[in-house]
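Keep the sequence and the 3D view at hand while reading.

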Amino acid sequence: MTATPTPRHIADLAAAVRATSAQLKLRPSRDVIAALGAAGSRLLDPGDPIRAEALDRLPESSGLSPAMCVAVLDGMAADWTAERLEALVTAELGSADALDGFVTAGRRRSLAVGPSLAVQIVAGGVPGVGVNALLRSLVVKGPTLIKPGRGDLLLPTLFARALAAIDPPLADALAVVYWPGGSVEHEDAALAHADVATVYGADETVRTLRARVPATTRLVAYHHRVSVGLVGREALAGERIEATARDVAAAVSAYDQRGCVSPQIVLVEEGGAMSPADFAEALARALAAAGERLPAGRFDARQASTLQQARSTAELLAVAAGGLVRHGLASPWTVVLESSPQPPVPTAGRFVRVQPIGDAADARGALAPLGPHLQTVGVAGLGARLESVAKALGEVGASRVTPSAAVAYPPAWWHHDGRGPLLDLVRWVDLER
Amino acid sequence: MIRSSDESARSALPALASELERRFEAGVAAAWSERDFETLALAAFRLQFESIDAYRGFCQGRGATPATVRRWQDVPPVPATAFKHIDFVVGRERAPELTFRTSGTTLGTAARGRHLVPRASLHRHSLLPPFRAHVLAGVERMRFLSLISSPAERPDSSLSYMVGAAADAFATETHWLVDGTGGLDVVGWHTAARDAAKSSEPVLVLATSLALLHLVERLETGPASKLPKGSRVMETGGFKGSAREIGRADLHARVESTLAVPAGRIVAEYGMTELLSQLYEPVLIEGSGAAGTYVPPPWLRVRALDPMTLAELPAGAEGILAFFDLANAGSVCHVLTEDVGSVHDGRVRLSGRVRGAEPRGCSLAMDELMSLARSAS
């Protein structure tokens, strides 16, 4: 992993991984799930040296604080057990049997065939995303070559090592490699052998890759996303406001707000027992507490400079627009209450904007500009309105509406960005009589 | 844009500005005691506090008013980014004499800032003495070859304005050798360089780092274009925001071989639209050992601040640079920049620009998102 492999090396590796496909397809899927789960569980087991190494090296490789690394590993690896993997397969394909033979569903009799080679190009620095991605391919018996994001190299590497100790033939169906993001030569070398390509990254990354993927290769693209919070009146009374603020603060703080699920704006209903300003103050207290419990990670002078510009500019804008700014000084969290939406400036650290909203039904209009990028909406205090509001949010573009407390770690079987993550990888074969 | 109102400051700016112009005229070698600076700095703060609503509210929010602030260091600094959203100008009932716009950022033109300058003469008084000291360095007048667009081409560029004002004051003749989009007039260059060689009169080349690179690349494949002895280059801007970047030493070696101007005669300028004064590398005065440090004029003080707490750092420690520029009397004097560096004996050393911030993950930053929304609509 230290030296960057040459494109030629990548091409050879991709061919070798692909060559395992036929053997892998012969294996019972529950056997594969068991092996993957056994490897994944090692990252959860407090007594396992692989987990110890992960926690030892993650702070340096990811830039997250040691305490946050524990939280993120626990949150992510919870989905890497055999039980969760089987639940994922069941949710997506009906049953793991569909990977082993033809199964009847309604009037159809079908078999799900995983890719011969899924090449996965992942950008970004949220630890665990790479392992999730490689598991999705292997669990459908699809060999995979993955290039994780710069801040997420460690866990896929350790997972591959764990798998090699448990099930060497299955480990041969996995290659974890790294090349500098955007290297066309490396990407093309890998893609030439792929029948499925997945990409996680900026819109621009997706766009350039889409233009180069061969016509017969299926492209599964996860472009950049943004998530928000929506707090209803029912959550703005008595003790609930503190609990809600705690949940929202946890969602903002997780992964130092790097995740696509991380809320960046929180819409707060007016007309409750407490005001949006009260909520902003409660959120500031909760972010301060979260910063103690799960400290922020590496933060260099350049990021600090961006943060100082953002904080002071928000203060200046708040004077004219009637808002407020609360921040942790040396602790890089910031809450900005915007009485009317203010121009966004580049931010750093855990930085969240609170915007008052007349009624939750108005969220639709407020979020419309985010439409194609909107992902998770963490909700609280909507009471009986939850389903109707969720429906409206879905129509605007959201693909996940979840309690604030659950925002940070979506379940293994979620419709990632509104799609079936395994369904996107398999090809159905119908057997008609 | 939020406009700020002005009441009592109307008459105070001309009085303060006249005093400042008189002091600036004495040049960069004039003695400025800490007390001189502080008195003028606090007078400017009072003016700006009273005149600019958003700034007043900002200062009050931090408990800083002309009654409580005793030291210039305690005047709240305004972030450079805020120039994109707020007009900081004293005396808004009169149209500003100059309007400078910041160059676009990665966000595009929607996020360009502007600096309204109510009094052009104060600006001219601040820019000429440091230019004379560090760029002319003992020569009265020179021939100017400018690879920076003329003020006529780029009326909203503070850099073009500065070069134009310096040319008016110090040039025997001025050749504007790029158009408004930065396109190089190679034929014009060769003509001007040949004329200079014939006259043996040293020339001053003014250029951004990128323009200088373009020039040497063109000259390396064409006829020789050595400049007369005593010629010099004023270089500004680095490669910020450009896809092309080469090392400074490499660029300077190529300048020496194509133009016959040695590295020790290339003076780097450091300035920004938000600050009306400039800093220079004192290489012509002190020799090439001074390369890498920037000297402010005595009416500009610079400090490195703790990146998180913004507390002042000891000499030599690296932090975020904040400038207090009395030439900004008509807007805001105390500006917190995005630049990271250290300060020693009042001089600035910039830290290498760190490219590619920490991985942001799969989330999209709000500002990027809004710029996407804007470009889509």
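Of the 433 residues of chain A, 54% count as buried. The model is predicted, and every value below was computed from it.

**Chain A as a whole**

- Chain A holds 16 helices and 15 strands.
- Its radius of gyration is 23 Å, close to the 22 Å given by the globule rule for 433 residues, so chain A is as compact as a globular protein of that length.
- Along the principal axes, the C-alpha atoms of chain A fill a box of roughly 65 × 55 × 45 Å.
- Among the contacts in chain A with a separation of 6 or more, 73% are between residues 24 or more positions apart.

**Domains of chain A**

- Ten residues of domain 1 of chain A are in contact with ten residues of domain 2 of chain A.
- On the domain 1 side of this contact in chain A, six residues are nonpolar, four are polar and none is charged.

**Domains of chain B**

- Chain B is divided into domain 1, residues 8-116, and domain 2, residues 121-286.
- The C-alpha centres of these two domains of chain B are 29 Å apart.
- Contact between the domains of chain B involves 16 residues of domain 1 and 15 residues of domain 2.
- On the side of domain 1 of chain B that touches domain 2, helix 1 (12-25) and strand 2 (98-101) each supply at least two residues.
- Helix 1 of chain B gives the most to that side, with five residues.
- By class, that side of domain 1 of chain B has eight nonpolar, five polar and three charged residues.

**A strand pair in chain B**

- Strand 4 (residues 142-146) and strand 5 (residues 171-176) of chain B pair in the parallel sense, over five bridges.
- At one point of this pairing, F144(B) has T174(B) in strand 5 of chain B as its bridge partner.
- From strand 4 of chain B, the chain passes through helix 5 (residues 158-170) to reach strand 5, and this β-α-β crossover is right-handed.

**Where chain A touches chain B**

- At the interface, 44 residues of chain A are in contact with 37 residues of chain B.
- Helix 14 (residues 301-321) of chain A supplies the largest share of the chain A side, with 14 residues.
- The side of chain A that touches chain B consists of 20 nonpolar, 17 polar and seven charged residues.

- Most residues other than glycine have a negative phi.
- D417(A) has a positive phi near 55° and is a residue other than glycine.
- D417(A) sits in the loop between strand 14 (400-403) and strand 15 (427-430) of chain A.
- Is D417(A) buried or exposed? D417(A) is buried, because 20 other C-beta atoms lie within 10 Å, and the cut-off for buried is 20 or more.
- A260(B), also a residue other than glycine, has a positive phi near 65°.
- A260(B) is in the loop between helix 8 (248-259) and strand 8 (266-272) of chain B.
- With 16 other C-beta atoms within 10 Å, A260(B) is partly exposed, because that class lies between the cut-offs of 12 or fewer for exposed and 20 or more for buried.

Note on methods:
Residues are numbered from 1 along each chain as its sequence is written. Chains are lettered from A and ligands numbered from 1 in the order in which they are written. This is a predicted model: local features need pLDDT of at least 70, side-chain atom pairs count only at pLDDT 80 or more; totals for chains, interfaces and linings use all residues. Domain bounds come from an automatic or database domain assignment. Two residues are in contact if their C-beta atoms, placed from the backbone, lie within 7 Å. Helices (H or I, at least four residues) and strands (E, at least two) are DSSP runs, numbered from the N terminus. Ala, Val, Leu, Ile, Met, Phe, Trp, Tyr, Cys and Pro count as nonpolar, Asp, Glu, Lys and Arg as charged, and the others, Gly among them, as polar. Two strands pair if DSSP finds at least two bridges between them. A crossover is right-handed if, with the strands pointing away from the viewer, the path from the first strand over the helix to the second runs clockwise. The radius of gyration is taken over C-alpha atoms; the globule rule is 2.2 Å times the number of residues to the power 0.38.
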